[in-house]
Number of protein chains: 2
Amino acid sequence: MDPRITKQAEHIIEYATKTKKDDNVLIQLTDYGIELAQEIYLLAARKGANPLITVTPTETTRQYYDIDTSFLRNFPKHVYELTKNTDIIVSIRGENNLKALSNVEPERMSIRSSALKEIQESRLSKRWCLTQVPTPAYAQEAEMSMSEYEDFVYSAILLDWGKECSAMEKVKEVLDKGRQVHLEGVETDLTMSIEGRTAIIGDATHNVPGGETYTAPVDDSAEGKIYFNFPGIVYGREVRDIRLRFEKGEVVDYSANKNEELLKTMLNIDAGSKRLGELGIGTNYGIKLFTKNILFDEKMGGTIHLALGRAYKECGGVNESAIHWDMIKTMNPGNISIDGRTIQNNGVFSWNQADKL
Amino acid sequence: MDPRITKQAEHIIEYATKTKKDDNVLIQLTDYGIELAQEIYLLAARKGANPLITVTPTETTRQYYDIDTSFLRNFPKHVYELTKNTDIIVSIRGENNLKALSNVEPERMSIRSSALKEIQESRLSKRWCLTQVPTPAYAQEAEMSMSEYEDFVYSAILLDWGKECSAMEKVKEVLDKGRQVHLEGVETDLTMSIEGRTAIIGDATHNVPGGETYTAPVDDSAEGKIYFNFPGIVYGREVRDIRLRFEKGEVVDYSANKNEELLKTMLNIDAGSKRLGELGIGTNYGIKLFTKNILFDEKMGGTIHLALGRAYKECGGVNESAIHWDMIKTMNPGNISIDGRTIQNNGVFSWNQADKL
């Protein structure tokens, strides 16, 4: 077995979930990842915790959506009671096909997701952790071989998270104090206020890998234009070369080179979908490539991401929307400044540049 | 996928568990069997039931036994609540290694099993079903290729169970009415009373495959000798060529060609371990070979089995013991008679012989 799987399991048990005696642990699999699940299981057991592994194959999930619509409203009480009596939930992404759900009617997904709302709420009240294992499907989406993709995944996950958190805290500090953010880059000149908002760090507990610091822009404040060199992905479809122009916080002009219609649809979903819900700064320099996988992409060092739609309440955000759509842009070349002072230039934080002198 | 997997799933849903709308279903895997689990999951979902799959790899179970002994006493409340709120439990045997637990200290297993007693009791109060999928480990134990073993498994399971039940009911009828059983065969001449006892049929609900009719001999009644041509298996060890002689229901003489010491140990475990707990007659003529797997072996058509130790209360049995050890013997050549009338000769029931005329 790849020894990096054990290291990932150790991170999840020791750091992300802080598993201890008598914790009831639930480990959830899709298709791949049984080795990681076994490692987590045994590390948890050696702490005196009680692990259980469940598995829901992707193809089973897909075919489940074809059952009688009234059955989609069923509430699985045994799963609810299992969840309610669980302390720690580790979800391992390991799909064998990333497009398995492409042709499910969104309405059927939405019925099912409403039916499971109480379970989902219970889940979020636990010490939950979302992580991933390398699979051929993810490697394919990333346009890599499996072994290249394994290196990619573990380079992102197996970091010194104490150090990483210090780096994220530094970004949080300047964002919390700051008022006006200025993003400059290729076809990009955008300002927004973050005054009074609270930044949060993605410290590799809920998401493994972690590595971002994010906050919520003040409504009506975004002004200017931005070009996203990475595709925006929604329901597995790519919208390429998105260009947005903001006035008083709202998108007033847009274009895309592929699936522009989808961009239009998304912008017009509701009042909040034309406005910014998040400004995030990627700090994970272990991630060097865009792989069409938001769990990794939004953390990439030297990038920022903006989300259209719903803002995080924890950041003090107020924008409401049915969507929260992340779009990612490299800041190399580029410049991020706050209240007139550059905090990052060409993807490198100013304090790290100073270190280099 | 092998279409016989779908047929096995249909048997489990339609016949063995009679799954219906709103049933909460738990499907348990070890290593192999995900295809069968998926088929059961989807068939259950299409009935309006709520399926969930759990998995406990054999190697994980093995390593679990090495944890701190005090942790082995842990009670996993989330698993208990899951079980309690479940209506149907389908356990799929699919180990990748049948000897994985060979070197676990029996005491550690016993501690764990005591700790989980409440969960086990809850399980047995449900509509439970134990079945198996072919795996290379089982094929190896049976000394067959995988594809030969697949044929073996599905020939045993995919029968017309309506017909099979009629055949078992016929045996039950003669056992329920009968008083004295006489077994004759190679080095075998044994009598016992079954007067007043109730026979039960293995109708392929709890065990898939089914195919046996069994009852409990009257204490003190067994007289004579028997030779078991198939090995008796205990804790994965084989005791070959077991010969037993009974007087007044008790084993007074014994021998074996391999592991005779183990036979001696088993006979002396307690007062009940020298006495008969069960007389079973195999009626599954889809099973033509002994494969060192009790789920199949004891159902083999043309065999009988006797168990030393604990009797089934449902049969009216009274013998108590810590063990219930099944030993199997071919009755071809051989003869089974009840109250002086032959019911089976050389492995063929008398009423079937009459049919042939």
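Between chain A and chain B there are 0 salt bridges, a salt bridge being a side-chain nitrogen of Lys or Arg within 4 Å of a carboxyl oxygen of Asp or Glu. What the two chains do have is 14 residue pairs in polar contact, both residues at pLDDT 80 or more; by polar contact I mean a pair of N or O atoms within 3.5 Å, where, within protein, one must be able to donate a hydrogen and the other to accept it, and residues adjacent in sequence count only if both atoms are side-chain atoms.

Please keep in mind that this is a predicted model, in which local features need pLDDT of at least 70 and side-chain atom pairs count only at pLDDT 80 or more, while totals for chains, interfaces and linings use all residues. Residues are numbered from 1 along each chain as its sequence is written, chains are lettered from A and ligands numbered from 1 in the order in which they are written, and side-chain values use heavy atoms, with hydrogens and water left out.

Staying with the two chains, the contact, meaning heavy atoms within 4.5 Å, takes 37 residues from chain A and 37 residues from chain B. The buried area, which is the accessible area (1.4 Å probe) that two parts lose on being put together, summed over both, is about 3,200 Å² here, with 65% of it from carbon and sulfur atoms.

Now let me turn to the inside of chain A, which is divided into domain 1, residues 3–157, and domain 2, residues 161–356, with bounds that come from an automatic or database domain assignment. The centres of these two domains, taken over C-alpha atoms, are 26 Å apart, and their contact draws 21 residues from domain 1 and 19 residues from domain 2. Together the domains of chain A bury about 1,800 Å², 58% of it on carbon and sulfur atoms, and on the domain 1 side Tyr15(A), Phe152(A) and Ala156(A) supply 28% of the buried area, more than any other three residues.

Which residues form the salt bridge whose closest N and O atoms are 3.9 Å apart? They are Glu143(A) and Lys292(A), and across the interface of domain 1 and domain 2 of chain A the rule finds 1 salt bridge. That interface of chain A also has 9 residue pairs in polar contact, again with both at pLDDT 80 or more.
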